[in-house]
Amino acid sequence: GGSEMAALRLWLRGGKGALGLGTRRQLHRTAAAAAQLTIRDALTQAMDEEIERDETVFLLGEEVAQYDGAYKVSRGLWKKWGDKRIIDTPITEVRVTVQGCNV
C-alpha cells in the first residue's frame, strides 16, 4: 500500500536509521500485503516515483538503461524516461567515477 511505499522511499533517502520503530513494526505487520509486491518491483516503483516527482533525479549505473539492470530493477525506466534520466555507464570503476563527477 501507500504507507509501505512511503516507508521505502524514506529508507532510500535516509538509510535504514531513518525508519522509526513504529514504521518498522508496521512494515512487519503488513508482510502478507507486501508479499504481493517483490522487492525488485518495489524498488523499480520507488525509483520511477522519485524520477516523476523531481525533474533533477536520474539513474546512473552500469547497464541500467537498455539492459534494464543486472537484476532488472530498472526494468522499463529507460523506455519511459529516456537517455537523459536513465544513463548507462561503462563497466569500469574509473570511468563511472569520472562520469559521476561530471554530473
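When I call a residue buried, I mean that its relative accessible area is under 20%, whereas exposed means over 50% and partly exposed lies in between, with a 1.4 Å probe and protein chains only. What we have here is a predicted model, in which local features need pLDDT of at least 70 and side-chain atom pairs count only at pLDDT 80 or more, while totals for chains, interfaces and linings use all residues. Residues are numbered from 1 along each chain as its sequence is written, and side-chain values use heavy atoms, with hydrogens and water left out.

Let me begin with the chain as a whole. Its secondary structure comes to 6 helices and 2 strands, where helices (H or I, at least four residues) and strands (E, at least two) are DSSP runs numbered from the N terminus, and the order from that end is α-α-α-α-β-α-β-α. Of the 103 residues in the chain, 24% are buried.

As for confidence, pLDDT is the predictor's own score for each residue, from 0 to 100; the chain has a mean of 78, with 60% of its residues at 70 or more. Where pLDDT is low, the predicted coordinates should not be read in detail.

Now to the charged side chains. A salt bridge here is a side-chain nitrogen of Lys or Arg within 4 Å of a carboxyl oxygen of Asp or Glu, and by this rule the count comes to 2. One of them joins aspartate 48 to lysine 80, with the closest N and O atoms 2.9 Å apart. This pair links distant parts of the chain, since aspartate 48 sits in helix α4 (residues 39–53) and lysine 80 in helix α5 (residues 77–81), 32 residues apart. Aspartate 48 counts as buried because its relative accessibility is 16%, whereas lysine 80, at 48%, counts as partly exposed.

The other salt bridge is between glutamate 50 and arginine 53, where the closest N and O atoms are 2.7 Å apart. Both residues lie in helix α4, 3 residues apart, which is about one turn of the helix. How accessible is arginine 53? Arginine 53 is exposed, because its relative accessible area is 52%, while glutamate 50, at 13% relative accessibility, counts as buried.

Finally, to aspartate 88, which is placed in strand β2 (residues 86–89). With a relative accessibility of 31%, aspartate 88 counts as partly exposed.
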